[in-house]
Amino acid sequence: MKNKLRSLYIADDEKSIRDGIKLLLDWDSLGYEICGESGNGTDAAADLLRLKPDLVLMDIRMPGLSGIEVIRQLFESGFSGHFIILSGYSDFKYAQAAMKYNVRHYLTKPVDEEELLAAVREISAIESRDLFIQSRSKKEVLADILSRSINASVLANVDLGLTADKYQLIAYENFNPSDSALPYHFSELFSAAGNANSSSVHIEYRHHNLLLLMGDQGINLFKRFLSHYESDPEKGSPLDSLFVAYSDTVGTLSELPGAYMQLEALLSRRFFCVQGQHVLGYDDMPSSADTLYPLENSRIETYTATIIDYLQTFNRRKAAESLYEIEEYLYHVDADISAVKLFLVDLYLRIKDTMTHRYSTLRLPFDSNSNIIAFINDRHYLYEVIVYFSRRFEELMNALGNSSRESVIDDVIYYIDHNYSTNLKLEMIASLFGYNSSYLGKIFSKTVGENFNTYVDRIRIDHAKTMLTEGGLKVYEIAEKVGYRNVDYFHKKFRKYTGESPAEYRENHRTE
């Protein structure tokens with residue numbers, strides 16, 4: 001069956017030119033049939049409104065109405081056909097005024113066959129594309145726009161009901177990420193709340209449920225929805241089962257791919273939502289002033305040492321502040337969630353390893369490494385991991401226990417006895433326990449009967465004596481293990497407290 005021919009109208013005040021155009025190309029093979037012609041602008045305008053041809057060849061200068069005046073009238077009436085302007089060299093700048101009426105094809109007289117053929121073929125391609133777009137659904141066209149398969153500007157001559165002065169893109173999914181199927185569609189709830197069918201379109205794209213809001217009607221209706229989320233949706237209600245992310249508003253369909261990228265970034269950051277948070281908007285992203293920085297695994301060592309100190313000194317407030325600092329740091333890193341989880345796993349396992357080594361005689365409440373790794377990797381939110389850390393730390397402090405110690409000095413001595421191998425300073429310990437260093441030094445000396453540094457040296461030397469007689473470690477290795485980085489200084493201190501060098505002590509006391 002032969003395809004239906006498009007219609008062609010010729011308007012030129014010279015009959016010879018009109019006749020020449022008819023013969024210049026094989027219009028039938030190009031898919032056009034001539035539906036009319038005119039040598040007068042006024043008559044042409046009336047014919048075009050009545051015939052509505054697909055293509056018009058229009059002279060720029062004609063009696064009655066000029067070609068520009070005809071084009072303007074047709075444009076204002078909603079005429080959707082295409083124009084090719086015919087003009088003399090002297091009229092070319094005048095013809096350019098038609099640009100504001102979406103006319104993009106100009107030919108100077110005498111008309112060149114190749115130029116006319118190229119212009120007609122280009123217009124035919126545009127018409128074919130428009131027909132193809134018209135044959136597709138809104139959802140298919142929107143998917144092509146989001147994937148950048150087509151540019152939204154090609155919709156200028158196609159009415160798909162997507163025209164608006166502003167747009168907003170919404171993504172929604174299960175509030176519980178473990179659920180496989182959506183119990184409700186936000187698009188259905190949205191439509192049921194008002195006359196939203198003409199102001200919203202639901203589309204499934206790249207495994208995401210999306211809702212395109214169009215114009216003030218759709219966007220304002222969504223704003224009313226947000227107020228329900230902000231006040232916490234009623235438990236068990238449809239809204240309680242959904243998580244919603246929304247982009248910033250954009251002015252054109254061509255900007256939708258950018259809005260979708262914004263949604264993808266938001267959904268990827270759902271891990272950082274607070275407990276019970278049902279909505280994540282574009283304004284919840286770290287601002288441009290809050291520069292994201294790379295994840296630094298070197299921070300793990302610092303966090304480990306800090307938290308261990310607070311746990312051993314039962315400083316719950318400082319331990320909680322450290323967890324908050326870690327949470328804030330991770331919120332501002334530019335890294336995959338898998339890398340963030342690995343950071344947390346590494347941190348916790350280092351804390352476990354250090355504490356179990358220092359308190360080897362105690363049964364500390366740590367899970368197995370495999371259970372720790374599985375728990376953290378299975379969490380959907382950062383706050384779940386932070387809560388886990390907080391609870392385990394509380395159990396750890398209870399296991400260490402200070403109920404049998406009557407004063408802060410007992411706690412300080414307990415801390416020294418388990419950390420003598422580190423670089424202990426009175427100022428650092430005073431800070432950990434929340435005391436002024438001068439005051440703590442005075443009450444330590446009064447309570448213990450010797451000053452802080454003397455007590456630390458004595459504890460270290462006692463441990464060194466045991467290592468010298470019970471193991472095969474070299475003297476410099478023993479010095480480092482008990483907290484002396486300078487072996488000569490260790491020799492000096494050892495002789496001061498024992499009256500012998502480390503080598504003499506080992507020789508004299510090995511058999512004993």
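In this predicted model, phenylalanine 389 is buried, with a relative accessible area of 1%, where buried means under 20% relative accessible area, exposed over 50% and partly exposed in between (1.4 Å probe, protein chains only). Phenylalanine 393 is likewise buried, at a relative accessible area of 3%. Because the model is predicted, local features need pLDDT of at least 70 and side-chain atom pairs count only at pLDDT 80 or more, while totals for chains, interfaces and linings use all residues. Residues are numbered from 1 along each chain as its sequence is written, and side-chain values use heavy atoms, with hydrogens and water left out.

**Aromatic pairs**

- A search of the whole structure finds 26 aromatic pairs, a pair being two rings of Phe, Tyr or Trp (its six-membered ring) with centres within 6.5 Å, counted as stacked if the planes are under 30 degrees apart, edge-to-face if over 60 and tilted for the rest.
- The ring centres of phenylalanine 389 and phenylalanine 393 are 5.9 Å apart with the planes at 45 degrees, so this pair is tilted.
- Phenylalanine 389 and phenylalanine 393 lie 4 residues apart in helix α14 (residues 382-400), and are therefore separated by about one helical turn; helices are DSSP runs (H or I, at least four residues) and strands are likewise (E, at least two), numbered from the N terminus.
- Phenylalanine 444 and phenylalanine 452 form an edge-to-face pair, 5.8 Å centre to centre with 70 degrees between the planes, and both of these residues are buried.
- Ring pairs also join Phe389 and Phe393 with Tyr348, Phe366, Phe375 and Tyr388 in a cluster.

**Charges over rings**

- The charged end of arginine 379 sits over the ring of phenylalanine 375, 4.1 Å from the ring centre, the criterion being NZ of Lys or CZ of Arg within 6 Å of the ring centre and within 35 degrees of the ring normal.
- Arginine 460 places its charged end over the ring of tyrosine 484, at 5.3 Å from the centre.

**Strand β9 and its partners**

- In strand β9 (residues 242-246), 5 of the 5 residues are buried, with Leu242, Val244 and Tyr246 on one side and Phe243 and Ala245 on the other.
- Strand β6 (residues 167-174) runs antiparallel to β9 and is joined to it by 5 bridges, where pairing requires that DSSP finds at least two bridges between the strands; tyrosine 172 stands opposite valine 244 in β9.
- Strand β10 (residues 279-281) pairs with β9 in the parallel sense over 3 bridges, and alanine 245 stands opposite leucine 280 in β10.
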